[in-house]
Amino acid sequence: MTATFVSYNIASRAMDTSQASINIVGNNISNVNTEGYTRQRVDVVSVTTSGKVEKYATPVVSTGLGSKATGTTQLRDPYIDARYRNQNSENNRYETMVKGLSNLEDVFDEASAEALQGELSSYINDLQSLSQTPTSSDIAQVVRSAAEKVTQMLNMYANQLDEIRTEQTENLEVTVKSEFNTYVKNIAALNEQIQREEIYGNTPNELYDQRNLLIDKLSEVSNVKVSMSPADRISENLSIPHYRITIENPSGGQPILIVDNDKYAEMSLDATTDSLDVKLSITDTVGNLRDDANSLVSDGKLEGYLSIINGKGSFASATENDAKGIYYYNEKIDIFAKQFADTMNKLNSEIYESDGSGGYVLNDYSTDPKNLFTDASGTSTANLTARNIQVSTAWLGNPSYINTTRKPVIDPTPTGYEATPAGSDNVLRMIENMSSKIDFKDSDGNTILSGTFNEYMTSVVSEVGTDVELYTNFSKTATNVFQTISDARDTVSGVSLNEEGINLSAFQKIYGAAVRYFNVLDENLDTIINRMGV
C-alpha cells in the first residue's frame, strides 16, 4: 500500500506541473507578436516507483508517484526549417534580380520610346534631305548634328548602365558587410553564450530564438546549410551539439564553413580589379581563403546581385555567370555601336580615288579609312564602344567630310573617269544600309542577329522586357511557395491564440482537479485520525 503522505506528493506534483504549463501558456501568449519567437511546451514525465528490489517484500499495487516537469522544449521541425531557408534564399534572389532588371528596362524603354530609335529616324531623314541637295554644306551640317545625337544617346545608355552597375555593386557591398558578415559574427557569439548555458544544464530557449532568427536572415543573403552533429562531449555525462553553418558546393566539392560553434568566416568583395566581373571571397573559420565563393553562392541576395552585375548571358563561357545582366546588355549595345560605326565608315571610305599612275581605284577601307565615327581618340575605331563612340575629328572640322558620291572629282582626271560631284549615290547607299538587314556579330565573329538597326534595338528592348516578366513570374511563384512553407512552419512553431486559450483552460481544470485531490486526501486523513474508532 502506498504511504499516506506519498499521495500528497502526487497531488503537489500535479499542481506544480499544471502551474508550469499555465506559465508557459502565458509566456506563449505574451510573445504572440515577438519576431522569431518559437512556441514552447513543458516536458512532463511520469515519476516511477521502480529503481529498487525487495526480495521478500509483499507484492502491492503500484500506483506511481505522479508527474514531474523536467524542462521546456521549443516546437520546431528541422525539415520545415531547412525548406523555409532554402525557399527564402530563392525568393530573395528573384526579388533582387527583378529590381535590377527593372532598372535595365527603364534604360531601354527610353530607347524604344523616343530616344535612340527616334534619333536614328532623324538621322535617316536628314540623310534623305542631303540626298536631294548633296552639295549643301548646311544640310551636311544638319546630318552631322543628327549623327552626334545618335552617338550621344549611345553614350548615355552606356553611362546609365555604368550607373546601375555602380549602384548594384554598392548594394552588394552593403549586403556583404552589413548583413552577411554581421549575421555570421552574431550567430557565432550566440553559439558561445548558448554553449555556456547548456554546460550548466540550462535550456536557453530565448537564445535559440535569437539564433534561429539570425539564420533566417542569413538565408535571405545566401544559400546556407545548418548542421548540429557530431556532438561535443564536455564530460562523461554531458554532450552538447556542435553547431555548423556551411555554404555547400553545388558540384559536390568542399563546402565553405562560415560558422563553426563560436568561430565565424568573413566575406570580402573585389570590384576594383575588374569592374565588369565582381568577385567574392571568404576567409573561412580556420583562416583559409576561399576565392571560389562566386561559384558556391547559388541563391539569396548575393546571387541576385552577382547575376545582375556579372551576368554575361550568351557571351558567358562555361565557368561564367550565364544570367542576362548588365554585362550582357552592355555588350549588346557595344555591338550595335560598332556595327553602326563600321557600316557608316565603310560606306564613306569606299569612294574612287587616283591610283597614282593615271588611273583610278576604289579606296580600301581597311588601309585608308575615312571615318565618320570613332572612339575617344577622334581618329581610330580600335577601342570603339557605346561608351566612347563619337563623331570623328575630321567630320567635326568639316561638315562636308561625309562623301555624298562614290565618284568625287579627281585632279587630274583619270582616263575614262566620270566624276559626279553633285551626285548623291553614296548617301542613298547609306540610307539603304540603315534600312537593310545586317549581320550583327560578337567579338568572336558569331552572328547574334540578322536585321536592321531598328530591329536590333527592338530585339534588345523586347529581350529585357521578357526577362523582367520572366523573373517577375519566378518571383511570384517563389513567394507563393515561401508563404505556404511559412504557414506550415507557423502551424508548428507559431503561437495560436485559439490553441493557447484551449490549453490554458485545460491546464486550469487540471490544476483545479489537483486541488480537489488535495481536499479529498485531507478529508480522508481527517476521517482516519478523528473519526475512526469513535
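Q: What's the helix and strand content over residues 9–38?
A: In this predicted model, that stretch is 73% helix and 0% strand. Its end C-alpha atoms sit 32 Å apart.

Q: Which UniProt annotation covers 9–38?
A: The record, an unreviewed entry, gives "domain: Flagellar basal body rod protein N-terminal" for those residues.

Q: Moving on to helix packing. At what angle do α4 and α5 pack?
A: About 155 degrees, with the axes 9 Å apart. Helix α4 spans residues 137–199 and helix α5 spans 205–221.

Q: So are they roughly parallel or roughly antiparallel?
A: Roughly antiparallel, because an angle over 145 degrees counts that way.

Q: And is the crossing left-handed or right-handed?
A: α4 passes α5 in a left-handed crossing. By class, their contact has twelve nonpolar residues, plus five polar and five charged ones.

Q: Which strands does α4 lie across?
A: β9 and β10. Relative to β9, α4 runs at about 170 degrees.

Q: What's the strand order in that sheet?
A: The order is β9-β10-β11, an open sheet of three strands with antiparallel pairing.

Q: Which ones are the edge strands?
A: β9 (266–270) and β11 (289–290), since each pairs on one side only.

Q: How many bridges join β10 to β11?
A: Two, with β10 covering residues 279–283. Ile282 stands opposite Arg290 in β11.

Q: Changing topic: what about the hairpin, how many residues lie between β16 and β17?
A: Five residues separate them. In the turn, Gly445 has a positive phi of about 85 degrees.

Q: How many bridges hold β16 and β17 together, and are the strands parallel or antiparallel?
A: Four bridges join β16 (residues 438–441) to β17 (residues 447–451), and the strands run antiparallel. For Ile438, the bridge partner in β17 is Gly451.

Q: Where does Asn261 lie?
A: In the loop between β7 (256–260) and β8 (263–264).

Q: Is the peptide bond joining Asp411 and Pro412 cis or trans?
A: Cis, with omega about -5 degrees. Most peptide bonds are trans.

Q: And where is Pro412 placed?
A: Pro412 is in the loop between α9 (393–397) and α10 (425–434).

Technical notes
Residues are numbered from 1 along each chain as its sequence is written. This is a predicted model: local features need pLDDT of at least 70, side-chain atom pairs count only at pLDDT 80 or more; totals for chains, interfaces and linings use all residues. Side-chain values use heavy atoms; hydrogens and water are left out. Axes are lines fitted to C-alpha atoms, for helices over the stretch in contact, and angles run from 0 to 180 degrees between N-to-C directions. Angles under 35 degrees count as roughly parallel, over 145 as roughly antiparallel, 65 to 115 as roughly perpendicular and the rest as oblique. A crossing is left-handed if the near helix is turned anticlockwise from the far one by less than a right angle, and right-handed if clockwise. Ala, Val, Leu, Ile, Met, Phe, Trp, Tyr, Cys and Pro count as nonpolar, Asp, Glu, Lys and Arg as charged, and the others, Gly among them, as polar. Two strands pair if DSSP finds at least two bridges between them. Contact means heavy atoms within 4.5 Å. UniProt positions are given in the numbering used here, feature names are shortened, and annotations may be inferred rather than shown by experiment.
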